[in-house]
Amino acid sequence: MQTSLGWNLRLTIGLGLWLASAGSTASAEPAASGPGTLAWALTAGDEKAYQDAVAQYNQRHPESKITLQLFPNEPYKQKLLVAMGAGTPPDLFFNWGGGILKAYIDAGNVIDLTADIGKDPAWKRRFFPSVLASATFGDKLYGVPINGVQPVVFFVNKKLFQDVGAQPPKTWNELLAAIPKFKAKGKPLLSVAGADRWTYLMYAEYFVDRLAGPQVFADIVAGKPDGWSHPAMIQAAEMIQTLVKQEAFEKGYPGVSYGNGQATALLYSGRAGMQLMGSWDFPNILNGQASFIASDQLGWVPFPTIEGGKGSPGDVVGNPSNFYSVSAKSTHKAVAIEFLKTNVLSDSNIDVLLKNGSVPPVAGLEAKIAKSPQAAWLSFVYNVTKNAPNFQLSWDQALPPAQADALLTNLEQLFLVKITPKQFSENMNKAMKR
Amino acid sequence: MIEPTRAERDRGGAGLVMLLPALVLFLGFALVPMLGVFVLGFTRWDGLATPAWTGLDNWREAVSDPVTQDAGWLTVKLMITSWVIQTPLCMFLGVFVAGHQRYRAVLAVIYFVPLLLSTVAIGLTFRALMDPNFGLSTSPALAMLAKDWLGDGDLAFYAVAVVISWEFIPFHTVLYQAGVRQIPRVLYEAATIDGAGRLAQFWYITLPQLRYTIVTSSMLILIGSLTYFDLVYVMTGGGPGFATRLLPLDMFISAFGRREMGRASAIASSLVVGGLVLSLAMVKFSGFARMRSQQEGV
């Protein structure tokens, strides 16, 4: 209820801020360098590494400092869109590569880093090519990896599995068999943060890949008509509804959120057996309840194979990495590029990431990983990524925004059993045509 | 024709100057953007590239989209639910705290607290309280509250409506309190002499005297509900499914989730028109515009 009181208050505050900012720009002007370089990234996960890189740079370049601002995931996407549209973007912006970065590139908002960074063979050789591919369009490099590779895996509460007398599932049938064992103890096998919707997507991505390999989704992206009607897509949707009907998920899962830590807390507080999540969940658990890891209760397994499935069991889905890109409107391009070249994923920056439980997509890290306190986890992620025949970028990142939203919306309806697998395919085929 | 005196002319000039800051702000931050939104409603735009003119397409799509239709109905439902919950409660509380006893003054301060909290804080707090796995209902003493408040499509709407009311009841209570305190005491004294009981006094004096307060408060509730956004966004994000996707939220998701600014602008324009029509209608039919004194002969 927007009361007149609220409106007045907002006006007053707005006016106050405007006056304050007018005052501050006036007083800041005498400083020769003007406003500094601005970088935007996300909170949680690897934020320590982003802060470290900026601190390193600022220490060496006191005359041209970089300011880092951190935002939560969902608001950030909107803030960036508004800033880009309004022509006031930060100099460096965090992104996921893929379809959304492509939209900004097409609108002329991003500078091509090929000449300054991508051409350097020594730089390029350091990174996994499959990761750079997400920020490369038409042989031009538009982004620099800044954090760990993010394959999606099952995080397991080992103690809970022992208590109910089950093993972390290696196959779909084992997974189905584990559900009643957990139910007998009054606990759900799976924790899923349904309020966020992208958490549902991970199940769909893996089911389709295990059933029929990456080609099904590649065809959809390539615009093949009725791509969503592929038998594997329908079967994946049926398997999702099987999980729902067997009550594999925690109670109230459609309202549980990932952002505030509830879904992960279910896992480490011993209330759910497993959570399917990107590798960024490890730093979150480490920062949330380090003792859970220290006491060796946290386990991890790749997504189960499906009996009779044609996909490779080594395939992973997730986000290859996140990137910094430089805005076309930036007035500090030299600073931004220098920062990307020397401080992002520098040797010391990599150490910060590893300590945080993240593995950057950098070649030849085996020795460093072996020395790390989280060696078991890190080498699992490193090897899963390095050996994956296919690393599927999250579907919502690979599709254009309107279609990605339609996908998440219809998938939510599927998880709520409001639509049938067939309706899901039909709705999505329709959404692709718009 | 009577020439205005010099003094009158000067007063007009000064009035205009005084009006200027408000006028500039209103033009710059309300009218001009509103016009811009209206025009954008006829284009296809992703927020980045150049908008492309598409005529009435957005409007046609918005009207025929079942999700947007549902959002429209939900919005109407929220307007009615909010009014039905808030008006009687606020009136009761307002009359109660209008009394001058000290304990009522203390209670009035406590009732006022929700209005001081930020909406986001309220949303996050209630979301945590209503969580089925970690919330209030996990306490054995409150097992009767063990419902999936925000995860069940049928419950989520009412859960949100109740929290919205919780947030805004204090404000409307203050309106009623002020309204009640303005009623001349002599009316009650006269009624007492005539032998009217408390209920009769409320029915024949307080209620009619509060007429314009009721109109004001109802208008704020109805129009506020029409454009309500923030608490719903924080608590449910429109989910589960479409259970709490109100029209303003549908607009927001169209704009920033799907990046269909044109479609979102069409929805926004219809909200503006809806709000305008609603408030004009209420002013006309309630006699609010005439503002006749209710204290003739007092």
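In this predicted model, the side chains of Asp296(A) and Lys158(A) meet in a salt bridge, with 3.2 Å from N to O. Asp296(A) lies in the loop between α15 (290-294) and β10 (298-301) of chain A, while Lys158(A) belongs to helix α8 (residues 158-164) of chain A, so the pair ties together parts that are 138 residues apart in sequence. Asp296(A) counts as partly exposed, at 49% relative accessibility, and Lys158(A), at 32%, also counts as partly exposed.

Side chains of opposite charge can pair when their charged atoms come close. A search of the whole structure finds 17 salt bridges over all chains, and the table lists some of them.

| Pair | N to O distance |
|---|---|
| Asp296(A) and Lys158(A) | 3.2 Å |
| Lys102(A) and Asp106(A) | 3.3 Å |
| Lys386(A) and Glu366(A) | 2.8 Å |
| Arg258(B) and Asp405(A) | 3.3 Å |

Lys102(A) and Asp106(A) both lie in helix α4 of chain A, four residues apart, which is about one turn of the helix. Lys102(A) is partly exposed at 33% relative accessibility, whereas Asp106(A) is exposed at 57%.

Between the two chains, the contact takes 41 residues from chain A and 41 residues from chain B, and the area buried there is about 3200 Å², of which carbon and sulfur atoms give 61%. One salt bridge is found across this interface, and it joins Arg258(B) and Asp405(A). Both of these residues are part of a network of salt bridges that also links Arg197(A), Arg44(B), Glu61(B), Asp65(B), Glu260(B) and Arg263(B).

Terms used
Residues are numbered from 1 along each chain as its sequence is written. Chains are lettered from A and ligands numbered from 1 in the order in which they are written. This is a predicted model: local features need pLDDT of at least 70, side-chain atom pairs count only at pLDDT 80 or more; totals for chains, interfaces and linings use all residues. Side-chain values use heavy atoms; hydrogens and water are left out. Contact means heavy atoms within 4.5 Å. Buried area is the accessible area (1.4 Å probe) that two parts lose on being put together, summed over both. A salt bridge is a side-chain nitrogen of Lys or Arg within 4 Å of a carboxyl oxygen of Asp or Glu. Helices (H or I, at least four residues) and strands (E, at least two) are DSSP runs, numbered from the N terminus. Buried means under 20% relative accessible area, exposed over 50%, partly exposed in between (1.4 Å probe, protein chains only).
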